[in-house]
Every structure is written in C-alpha cells, then in structure tokens.
Amino acid sequence: MSDKLTHTILRKIKVNSNEEIIPGIFILKFKRPFTFIPGQVIGITTSEQITARLYSIASGKDDPDISILYNRVEDGKLTPDLSRLRKGETLLVSDPFGSFTDTRIPSWWIATGTGVAPFISMIRSGITEQKTLVQGARTRESFYFSGELEKSLENHYIRCCSGENLTGYFPGRVTDFLVAENNLPTDNMYYLCGSAEMVVSTRDILISRNIPFSNIVSEIYF
Amino acid sequence: MMPEQREFLFGKTYTQLTTVCKDLGLPSFTASQLADWLYKKQVATIDEMTNISKTGREKLAARFDTGISAPSKVQVSSDGTKKYLYTTSGGKFIETAYIPETNRKTLCVSSQVGCKMGCLFCMTGKQGFQANLSSGEIINQIRSLPERDLLTNIVYMGMGEPFDNLDAVLDSLEILTSEYGYGMSPKRITVSTIGIIPGLKRFLDNSKCHLAVSLHTPFDEERRKLMPVEHVYPLSKVLDEIRSFDFGRQRRVSFEYIMFKGLNDTARHAKELSRILNGIKCRINLIRFHPIPDTPLEGSGRQTIEDFQQMLNNKGITTTIRQSRGQDIYAACGLLSTKELVKES
C-alpha cells in the first residue's frame, strides 16, 4: 500500500458493537486491524458513495477493539446510516493517520463533546503522567468516560459543566474555567480538541495568558 | 409561525434542473429554458420566464423561488476595494470582496459562513463555523454584484474552506464555466484550499479551474502551530498529490505564503520551500500579514518580504508579492468576518 494513499484506501470491517450511550451519542467498536499512535484518526464511511469522515480513535493502543465515539447528526450524510449499523454489518475504515499525539510532559488536555476521544485513547495507552484534562459539557451525562477519567487522572481531572450546577464541577464552560484559573503554566504544552468555536476561543485565552502559541496544539473536527 | 422556505432554483446545475422539470411533469426542454433565464438572462423571478408556459411557471412557483438576493451593505475602501455583505437563506451573513485593478477586476467569494479550520492568522476562523453555502449562495455573490459585468477573475478565497463544502463548490464551478451557465473560462477562476486531500483529489479530477494552496511554512512542526489541518493532512502529502497530477499547460497551481516576522521569513525557509516544491510547476504569492485582534503574530517588514521574494526567484520559483487591498475596511486577505452579525442574529 502506498503510504501516500493510506488515508484514502478503505478496508471492509465487521462491526462488533454500536451502542447509543446517551441519546444521539454512540460508541462503535470493531476488532483492531492495525497499530496506531494514541491521538490518531481514521476515516470511516458506510459506503464508497459517501465521503469518509474522520474520527479520533478512543481505544488504547493495545486494546483488542478500536472504539470510536461519535454523535449522530440528524441531517448529516454519514452518521444517521452509521448509527443504524448492527453487529456483523460492514463498515469501511482507513488506516490510522495524523499527528495529534502528545509526547511531551507536562501537558494540559482541553476537550469538549466527542473531542475527549484522543485523550481517552492516550489514557488507555498508559499516558497519564503529568497530564491534566479539562473536559467541558452541558450536562452530567455528557461527560463521556467520566468514571474512567476520574480514576486515571484523580485530581488532575477538571469537569466544566455549563448547563447544570453540580458539586465538584466547575460551573461554566472550559473557556470560563481558563479565564478564572490563575495558574496556567506558560511552559506546559496545551492540547485542544473539539469544535472550531471551542478551539479558537480557548487558543485566544491561552495566548492572552502569555502561553506561547508554539505550546498550543489544536485538533479540530471537520 | 415562519412560512416554510421554498427551495431555490438558482445554483442548480443543468442535471438538477432536468430533475426538477421531470418531478414537476414539465417538458424536458424546460430545463434549458430555466438555465437560460437563470444564468444568461439573469432574471430575478419565475414570473419573468415568459417562454415557459403559465402552468409551468405556476408549478415552479409553488415549490421554488429563484433565490436571488442583493447585497444588503457595501463598504468602500480608500483604494477602491469594496466589501459587500450578503444575507444567506438561513439568516446568516457572508462577505465578498470586489478588488478593482487597472487590468483586472477580481471578486473574492465566500464558500461558508465562518470556517472550521481554525488557522491562527485568520479572522474568519475566529468566528467558528456557522453553515455551508449552497451553490446558489456562492454564485449569487457574483450574480447580484453591481459590478458583475466588469469582473475578469473569480477567486474562492473569501470566508470558509472551499474543500470542506466541495459539493456546492463544484456545482458552482460547473455553472460558472459551462455553456448553459456563465460560460467563463476556468482559467479565470482560482479555488484556494488549506489542503484537504480528499477534496483536493476530487477538485483536480472534476474541475479545470486553477488551484491555490495556503502553505505559509515549509516545516511541518511550524505549520501545525499555525494550521491545525496539518495534523491530519500534512503538506508533504498535499504536495505528493499535486505532484502526481498532470496540470497540463493551461492549469495553474500557486502557493499562498503569508509572511510572519521571524517565523517563516528566513533564508532557511526559502531554501526549504524550493526543496519541497521541486518538480512542481508553480508560483508563490507572498502576502503581507494583516494583523487580527489578539494575535501573537507579527507581519514581516517590506524589505524582508522583497528579500524573500528575491531568494525564491533566484532559486527559479516565480514569486510575486500580492498587493494589500481594502485593509481599511477589513476586506484584505484573512480579515473577512461576520462574527458580530452572527452574535446579533
């Protein structure tokens, strides 16, 4: 296989499971057919007629299954079909690619929504030392993998809830938390993953706090 | 209760117009008539399409509007550049820059409301992403421009990443360049991308228009800090795709390069640029950085830009310096934004 075309060649894969964990949010699993670096993405589609979309891998590098966290976009071209897939049905998947990989410590991970996926992959791969995760969501149930993250990161796990007042959670968005936080180290790395809106707003705040832009690494879903 | 919005005819390709006629039980030749009225005679209403039967027009009007929409605001720069504001069908806003020069009149069109790409140096990126434009909304920026008959060139370099909305962009290019549409030469149209590889391949295979790629630094590590897309579609792979495509003699590929002080304007960068572009017949456009609020970046000085140009020219790469236009009305490269209007709407 030409390395150049890695991300465009799709292989047929059998779905192991496709569970709706909360309304509209799914975890799709299939047997791992490749090795990958935590933080990498794969292209996924249900047929060659539908352009593959990119999703971060949410499993550990040695896990037997590849897990993908995705939300169903009701008028989307792919995810309504994707969400209907059942065990044993076929999916088209690219090889992993991408370089949103954290090799430096210490670092902060900042994620909203399904943007937590690359970080759960890193944690499941044993990358936890000197990592702080700031996760944002509107409701308690939308903090995906919360129990696992709490166990792995302990007091280096900060939840920012913008839609409910919950004990132990920062009240507001991740951007509100960063504005309020007085101790953002300027020599740490910052990895951001989520929507374009979240990433650009967060990046602006970090830059305004004298964090060099060369220490900010962003992954945007498109 | 809001009235249900009807579908728009403007922006449909000939094939799509044929489907419309078939669905409505109209004669197949009505598709040609529709294309003629929409794209040649440029009427604004279905009522004006007088060679279509009255019954046919009624059937069309029951389901469709033309979708023509005049700009709601214009700002004029001291250098003659004009920035037009258009309202989209979803009540959002886009900007379009008309740039008159002595020998050419260029229109810089938008392809999305906002942008998902989050490039560090771009004002549009700061408003996030609100919506894709339809093919009709893309062409309407040309159709409804007061200076439309003066235009010599179209560049897809306004708000948004064209290859993130490629279906609509390809439809718009077909209409602009086909005989049934505007009949423009594809050599007059340039589509600019940050390098979304699947879109790049489709564009190269399905259009004859020129390609521009936002490059901004030849080094992977640096580009990742400026452009998050580098994580998934690295420049090296983009160049591999370009290198493997036969552009022929007419089609052109160019690279956009914004000059940032101390970041990408050194002899080391010029040397690496010439190395990675080896084997690609291209030109480089050097662009002065137009600062945006809260940016950590600074633009290179004029002399540095000219020296950089000379270094690249000496290495055999045709390199030009793009003139800054419309900076006083925020119409210059990287400054288009409707963020405040989005907030108000």
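User: What makes the meeting of the side chains of B:Lys126 and A:Asp204 a salt bridge?

Analyst: In this predicted model, the N to O distance between the side chains of B:Lys126 and A:Asp204 is 2.6 Å. The cut-off is a Lys or Arg side-chain nitrogen within 4 Å of a carboxyl oxygen of Asp or Glu, so the pair qualifies.

User: How many salt bridges are there between chain A and chain B, and how many residue pairs are in polar contact across the interface?

Analyst: Two salt bridges are counted between chain A and chain B. Seven residue pairs are in polar contact across the interface, both residues being at pLDDT 80 or more.

User: Which element gives the largest share of the side of chain A that touches chain B?

Analyst: Helix 5 of chain A does, with six residues. Helix 5 (196-208) and strand 12 (216-220) of chain A each supply at least two residues of that side. By residue class, the side divides into 14 nonpolar, six polar and seven charged.

User: What is the area buried between chain A and chain B, and how many residues does each chain bring to the contact?

Analyst: The buried area is about 2,500 Å², and carbon and sulfur atoms give 62% of that area. Chain A brings 27 residues and chain B brings 33.

User: Why is helix 1 of chain B called roughly perpendicular to helix 3 of chain B?

Analyst: The axes of helix 1 (residues 14-24) and helix 3 (residues 54-63) of chain B cross at roughly 105° and come within 11 Å. Angles of 65 to 115 degrees count as roughly perpendicular, so the term applies to this pair.

User: Which residues make the contact between these two helices of chain B?

Analyst: Helix 1 of chain B contributes B:Val20, B:Asp23 and B:Leu24, while helix 3 of chain B contributes B:Lys59, B:Leu60 and B:Arg63. These residues divide into three nonpolar, no polar and three charged.

Key
Residues numbered from 1 in each chain as written. Chains lettered and ligands numbered in written order. Predicted model: local features only at pLDDT ≥ 70, side-chain atom pairs only at ≥ 80, totals over all residues. Heavy atoms only, no water. Axes fitted to C-alpha atoms, helices over the stretch in contact; angles between N-to-C directions. Helix = DSSP H or I, 4+ residues; strand = E, 2+ residues; numbered from the N terminus. Parallel < 35°, antiparallel > 145°, perpendicular 65-115°, else oblique. Contact = heavy atoms within 4.5 Å. Nonpolar A, V, L, I, M, F, W, Y, C, P; charged D, E, K, R; others polar. Buried area = accessible area lost by both parts, 1.4 Å probe. Polar contact = N/O pair within 3.5 Å; in protein donor to acceptor, adjacent residues only side chain to side chain.
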